[in-house]
Amino acid sequence: MTPRFRDLLALEPLSADELTFLLDQSKPFQEIQRHPLKKLATLRGKTVALAFFENSTRTRISFGTAASRLGADTMNLQAEASSLKKGETLLDTAFNLNAMKPDCLVMRHSASGAPHYVARHLDIPVINAGDGTHEHPSQGLLDALTIRDRKGTINNLNVTILGDLQHSRVARSNIHLLGKFGCRFTLCGPSMWVPRELEKIAAGTPVRCVYRIEEALEGADVIIMLRVQTERLHEPSISPNDYILGYQLNAERLKRAKPDAIVLHPGPMNRGIEIAPEVADGPQSCVLEQVTNGVAVRMAILYLLVTGAAEDGSHPALQVPVEHNRRATDRVPAKKDS
Amino acid sequence: MLLIRNGRVIDPASKTDAAMDILIDGEVIKEVGTPGKFSSLKDVQVIDASGLIVAPGFIDMHVHLREPGQESSETIETGTKSAARGGFTAVCCMPNTKPVHDNASITRFIVDKARSVGATRVWPIGAASVESKGEAIAEIAAMKEAGIVAVSDDGKPIATARLARQVMDYCNSLDLPVIEHSEDVSLAAGAVMREGVTSTRLGLRGMPGAAESVCVARDVQIAELTGGRLHVAHLSAKSSLDQVRWAKSRGLRVTCEVTPHHFTLIDEDVQYDSRFKMNPPLASREDREALIAGLADGAVDAIATDHAPHEPAIKDVEFDRAPFGILGFETAIGLTLERLVHTGKISLLRLVELFTTGPARVLGKERKLAVGQPADITLFSTTQEWKYDVKDSPSKSRNSPFDGRTFKGGPMATIVAGKIVYKR
């Protein structure tokens, strides 16, 4: 049976089969990113609503690019320009967007569970592009795709996540996805950012919290860095100097991980705070691959939620005719001096 | 005259549990007698209470009627109608109205309004401090003269230990209880639910149980210092109950209440549905077991609903933004039967006590079924199945997590001052 997805609100409720399907469906879209002409007609005539109630650059552009590469049109709502400041409720805003008849709603919001709340009231698919400190499903998927490409598998890896775990929706999505494939997690950061309750958020997944980075990196296959999110801090936080001293990932510390360990970061990076430049730019870093894979994963998500996968197992990105890349629109750029 | 016939009378004050008939004349109980004793009387309105429990009128000592100021969520009229439907004959309304009930003219407004449109008795609670700001003491004596039965800065605790001391001292001289919404606001800052595995999983900001018990500990010490009467509102944490037990063991005048939702639901029930958002928030499984133990062994003095209506426009929003509070009146008896009586944790006599003599004692009042007493009577069933549909509620709000729940037993008739104000 081909899995069907009504909404994509969180990775926690998805099965390993469903997650594998999502990753496999992303694969052909990765190829598209290498074509000179990247536009498909899969969602031609469809409209994707992008509602970002919280600031975002990369995720918004990534979803927008994914939509346009599928041939869809987009409508954009950004918090600054929205009517929320005029007192409209979230639900009224969603109803108004929906009245313009989009085919799905991609939504980011600072309140955990806000997409769940909206999805209960809308009949179009709702895609969570990050909700508060809860989940960031597309980030979890693109991280898994990146790991699978580099390591050949996402099964039974030692995954270390460093930083502000308490406020990280990325970490929660990583744990819920990779945990279903037998990965073991070590979470590390200052104690106020790594509550012991995290050890129990995913039943059946081994998660341990440690407070010394040297211990956390020992034997790691995958290291996921988290950005220090100053905008989401309610607690008095530790001083930046203490953070660098205790938790910055530098080349020396990275040696404790397995020699073929890889380093991920969801961005934007605070160079020199959580990650040293030599690691960010080093051979083990996957940071830019993650960004490229983000577009592929989001193309797969939009495709699967808006039209649903083809029952015959065909995939739109595999049906691209050879001429596709040699059409009139794909001209050789004119010479600058002409 | 009104005759309640064939019922099983449970009266904690006299430890009565027997088949009795009750004759009401005007606003008071005229006589209580053996079944059939009044059958020869003519021109009597009869309520057949066969198969029902007949108890002294239930008191809900912690409610929000939203009037004056937030009449789009509730009024004295709609709130007391809902209370009557829940089997309550008297309710104590908290002072966090707009403006705050911190002066005698508002007390008089509430008392007058309740007299003209209220379905039940309304016993107002006045603010402890002016505007509940925690700075200056409110005109408590003047409010008492106008009819308040207690003081509280409910919605928050009395801001400082110093002011709490002065209020408790002063209220001791006026013989009024001080009701505390116990919360260390710095520990609870920004929180929308109880801290734990569920809050961590959902990415919702949590407050620890200690946010409550730190404040209870402070107030218990001040109760000892002043000798005053302290009542801990909507107690939710085991650690808080431990403080109350300690205070009682030292003979301090400290009491507490527990809400039906805290002995029914826990933090694991929260699923981004704002009908599960209240303060104090739903606690842990362990806390719930401790509360039930306290309700059974007497450490808890009363069940109170903390009926907190909010109109859909402000409550049906993202979990983070929704105000705290849920409806309470109409599901209180049903939940108490379901969770405590049908499970064998407490007796029916104890249930009646928790809704009558328990809160009455805290408020310095009497509740009993005896000749000459006000005819405030609650009739309820322990067997009849019914479904709670919040759309049928006279309340102006709809914020109940128990909408659609089926109950075994619930309120059947409510009599206030000899008048039938609700009958199922």
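Me: Into which domains is chain A divided?
Reply: In this predicted model, chain A is divided into domain 1, which covers 16-135 + 291-325, and domain 2, which covers 137-289.

Me: And how many residues of domain 1 of chain A are in contact with domain 2 of chain A?
Reply: On the side of domain 1 of chain A there are 21 residues, and they are in contact with 20 residues of domain 2 of chain A. Helix 1 (16-32), strand 4 (126-131) and helix 11 (287-306) of chain A each supply at least two residues of that side of domain 1, and helix 11 of chain A gives the most, with seven residues. By class, this side of domain 1 of chain A has eight nonpolar, nine polar and four charged residues.

Me: How is chain B divided, and how far apart do the domain centres lie?
Reply: Chain B has a domain 1 made of 2-53 + 373-423 and a domain 2 made of 58-363, and the C-alpha centres of these two domains of chain B lie 26 Å apart. Their contact takes 29 residues from domain 1 of chain B and 42 residues from domain 2 of chain B.

Me: Which strand gives the most to the domain 1 side there?
Reply: Strand 18 of chain B does, with seven residues on the side of domain 1 that touches domain 2 of chain B. By class, that side of domain 1 of chain B has 14 nonpolar, ten polar and five charged residues.

Me: Switching to the largest nonpolar core, which residues touch the most other members?
Reply: Among the 112 residues of that core, B:Val54 and B:Val151 touch the most other members, and the core draws at least three residues from each of domain 1 and domain 2 of chain B. Not counting residues up to four places away in sequence, B:Val54 touches several residues, including B:Ile4, B:Val9, B:Ile22, B:Ile377 and B:Leu379. A second, separate core has 111 residues, and A:Leu22, A:Ile175, B:Val270 and B:Tyr272 are included in it.

Me: How many residues of chain B are in contact with chain A?
Reply: There are 16 residues of chain B in contact with 19 residues of chain A, and by class the side of chain B that touches chain A has seven nonpolar, four polar and five charged residues.

Me: What are the buried residues of helix 7 of chain B?
Reply: They are B:Ser240, B:Leu241, B:Gln243, B:Val244 and B:Ala247. Seen down the axis of helix 7 of chain B, these buried residues fall within an arc of 155°, so they line one face of the helix.

Me: What covers them?
Reply: The cover over the buried residues of helix 7 of chain B includes helix 6 (210-226), strand 14 (230-232), strand 15 (254-258) and helix 9 (285-297) of chain B. Helix 7 itself, residues 238-249 of chain B, has twelve residues and reaches 16 Å from its first C-alpha to its last, close to the 16 Å expected, and just after helix 7 of chain B, B:Gly251 takes a positive phi of about 80°.

Me: One more: where does B:Glu224 lie?
Reply: B:Glu224 lies in helix 6 of chain B. B:Glu224 is partly exposed, because 16 other C-beta atoms lie within 10 Å, a count between the 12 or fewer of an exposed residue and the 20 or more of a buried one.

Me: What is B:Glu224 in contact with, leaving aside neighbours within four places in sequence?
Reply: B:Glu224 is in contact with B:Arg250 and B:Leu252. The C-alpha atoms of B:Glu224 and B:Arg250 are separated by 8.9 Å, and the two residues are 26 residues apart along the chain.

Key:
Residues are numbered from 1 along each chain as its sequence is written. Chains are lettered from A and ligands numbered from 1 in the order in which they are written. This is a predicted model: local features need pLDDT of at least 70, side-chain atom pairs count only at pLDDT 80 or more; totals for chains, interfaces and linings use all residues. Helices (H or I, at least four residues) and strands (E, at least two) are DSSP runs, numbered from the N terminus. The expected span of a helix is 1.5 Å times one less than its number of residues. The arc is that of the directions from the helix axis to the C-beta atoms. Two residues are in contact if their C-beta atoms, placed from the backbone, lie within 7 Å. A nonpolar core is a set of buried Ala, Val, Leu, Ile, Met, Phe, Trp, Tyr and Cys residues joined through C-beta atoms within 7 Å. Domain bounds come from an automatic or database domain assignment. Ala, Val, Leu, Ile, Met, Phe, Trp, Tyr, Cys and Pro count as nonpolar, Asp, Glu, Lys and Arg as charged, and the others, Gly among them, as polar.
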